[in-house]
Amino acid sequence: MNNARRLDPGSGPAPDWKDAIWIWKPGEQAAGDYAVFRKKLQFQAAPRSVVLYISAHHVMHVYINGRRISGYGSPAPSNPPFTKLYLAYDVTSCLGAGSQTLAATVHYLGGGGQNQADGAPGLICRLEGVDGEGNRFGLGTDDSWEVCRRIPYMPGTPFQQSRRLSVVERFDAEAARYTLSWIQGEEADHPVLYAVPSPIETANPAWRLRPQDIPEGSEEEAIRPEPCGMQQAGCQVFDAGRIVSGWVRLRLKGAADATVRIRYAEQLNGEGRAARFVCNEPSETYYDEYRMAGNERETWQPDFAYKAFRYFEITGYPERIRPEVLDVVFAHTPLGREGEFECSDPLLNAMFRACLLTQKNNVLGQVVDCPHREQAQYLADSDLQAEALTGLFEAGHVLRKVLRDFTDAMQPDGSFPFVSPGNAHREEFRIQIPEWDLHFVSLLWKIYYAYGDPGVVAEFYPPAVCLMDGYLDLRCPDTGLIRKSDRWHISDWPYPRIDQDGPYLTVQNAKCFSALVTMSLLAPLAGRREEGVRFLQAAEALKESMLRHLYDPAGKRWRDCFGSAACSQGTNALALRVGLTPDEDRQQAIAGLTADWECRTVLSLDLFRLLFEEGEEETAFRWLSRPDYPGWGYMIAQGAKTMWEGFEDKESHSHAWNGYPARLMTDYLLGIRLLEPGFRTIRIRPYFAPKLTYAKGKIVTVLGDVRVRWERQDSGILLYAEVPKGMKAELSVASSHPSSVLLGEGSHLFAIRDGQPAPIPSQSEASND
């Protein structure tokens, strides 16, 4: 038998769900529960074609004849009832003549956690195909499906984190023997237990099933850990070398009735053991357990949920464990092709690698802030991560999912909960961040501009209108400014230094202004040109109000808020970048930002893009490449292999919103800048940093990879560029020489002397001459 093949959404007709119902096991619904279902099928001859459509709440493992066909974390988190994702598999090659068994293990999380919608437990599937005689057939989940009475997973175990993202996976290998034979189709040795309709069946409104268009989670790498810390009988600690998302895989000689515990941690405690924390939040239960059967060789991995850790501690095994029998499984949602960067500065190279690893750690069926403490999807985090995701990965599908998840969660006033998916109805998660809401618009623009897809505008422009109209309702009639609310306002993060005590916040108003301008650009693409005029007029009115009440014309700087004497670097970098500062004041205002680096992660993106694009490349590069605090290089100098939450060595040490320095390197040190939607036109204008002797790399686009390489030689600089088919490029190598050279598709080589590029013919061109 061959493997099942995951089908892409839209590759075939939608399933007919009318003969399928959501099912669950008999009994009371409970958090942290599991159920194993099966349906035995009979074919006279091997079927000609069969497609399986299947979903579960929350996560499932799917089997045919005992062989697993599904990936990890499936289906991806979503927001029922508005969206519940399902997967489609071509299972033709998995089925033959005779008795066949379709089975699924379903894990229901529940518990009101931060990063999932509780809903209710259930499984639904539909099998459609053509049998060996050429007859079409179809069947779905119903009350004829059997439920396994004995399963290896213990229900009702503790949650691993205070935010209730996953439960302790407690697995009994002896029970697993029975379950495995049962899902392979062997007869049960007890009366048959049948499924019952799930509470989802009576949900009002009904859950909307939608095909999942992002990949299933998969294993990228199996890392051999190194012993570290405590090493004694019954307690051994290992180091993965960096923080990874995934789990640990054991391959051990069985010891009957021994319970092996794997505890996870970012750091070790003073005794050389795994610290009792999930990131920076205390937890005594960040572990999984395996009760051995006593077989000659036993293999196990707790893969119903992603953990994130660098260190892990194994207790309960009676013999000494060799690292060769352990794998640290690095797993996440695959992101396709990856960008590249390398230069003569080892710190920048290490930083680039850390950015990419951190980004992959944080795409786990949704674009999450960190892979351990919260594993939740925020708009601002996703927008910052889109810097790397739109140029260094194939990630359009996961970014569109962010917009869809928040559209599903939109409140009646046009605002959003702070994360989505989630349980925003619970008091502890009934949080809103007004500044974060505005990142919906900037993220929508980034996705459109990177992929040139008008469909994303058509789908998400309407909720963006609701958002902005709700925001405009917050204007004060006296000042024309957006008023500060009683919600959680964040101008910069983490550990911000911006004054937010006044009634009108400059960062919030500046982001609103920028979003209104962006909406004026999106409106014509959505066929609503007149609405674009309305948004532009609102932006101009807001700018006038901001200049009147928040700008200091004498100092040529913006106050952090109304009535404040503070004029923070981040506030002014943002205002300059979005076009609020008067033109006649720009140069002096930009110069005022170059004394020292003060702003935090969120606004540092605006600061660095402003400096690189407004003639302050030397300052931007010096800060980017320095090993001192504050800065990304400081993290690397301290030995970090993944990027931290902030510039301080505390809290999360794998936070993907600090992954955008990788994009700064390709945008400015390689000089590859997007000029038209879908990368139809780019500009290549590297900053030839005096500190560097060479730089090379590539970005990932919908048209193909763009490669640039430059190196210093005695006579000048040699520059190579490779442009994919369908793309145009402008080569401009110095701001003092604004003229550019137009490049078509293919490879190009230039010698650069005195700021002027001279093409070097290829060998074939030279021979023709």
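What follows is a short exchange about helices, strands and pockets.

Modeller: This is a predicted model, where local features need pLDDT of at least 70, side-chain atom pairs count only at pLDDT 80 or more, and totals for chains, interfaces and linings use all residues. Residues are numbered from 1 along each chain as its sequence is written, and side-chain values use heavy atoms, with hydrogens and water left out.

Colleague: How do you know that the span of helix 8 agrees with its 20 residues?

Modeller: Helices are DSSP runs of H or I with at least four residues, strands are runs of E with at least two, and both are numbered from the N terminus. The expected span is 1.5 Å times one less than the number of residues. Helix 8 covers residues 506–525, so it should span 28 Å; its end C-alpha atoms are 29 Å apart, which agrees. Just after helix 8, glycine 527 takes a positive phi of about 75°.

Colleague: Why are both faces of strand 7 called covered?

Modeller: Lys84, Tyr86, Ala88 and Asp90 on one side are buried, and so are Leu85, Leu87 and Tyr89 on the other. In strand 7 (residues 84–90), seven of seven residues are buried.

Colleague: How do you know that strand 4 and strand 7 pair?

Modeller: Two strands pair if DSSP finds at least two bridges between them. Strand 4 (residues 49–57) and strand 7 have four bridges, in the antiparallel sense. Valine 51 has aspartate 90 of strand 7 as its bridge partner. Strand 15 (residues 209–211) pairs with strand 7 in the parallel sense, over three bridges.

Colleague: What makes a space a pocket?

Modeller: On a 1 Å grid over the protein atoms alone, a pocket is an open set of points with protein on both sides within 12 Å along at least five of seven lines; lining residues have an atom within 4 Å of a point. The largest pocket holds about 1,400 Å³ of space. Of its 46 lining residues, the closest to its centre are Glu387, Arg577, Arg609, Glu613 and Arg673. Helix 8 gives the largest share of that lining, seven residues.

Colleague: Which pocket has a volume of about 680 Å³?

Modeller: That is the second largest pocket. Helix 1 gives the most to its lining, with six residues.

Conventions: 1 Å grid on protein atoms, 1.4 Å probe; cavity = no way out; pocket = protein on both sides within 12 Å on 5 of 7 lines; lining within 4 Å. Points joined across faces, edges and corners; volume = space filled by probe spheres on them. Buried < 20%, exposed > 50% of the residue type's maximum accessible area, 1.4 Å probe, protein only.
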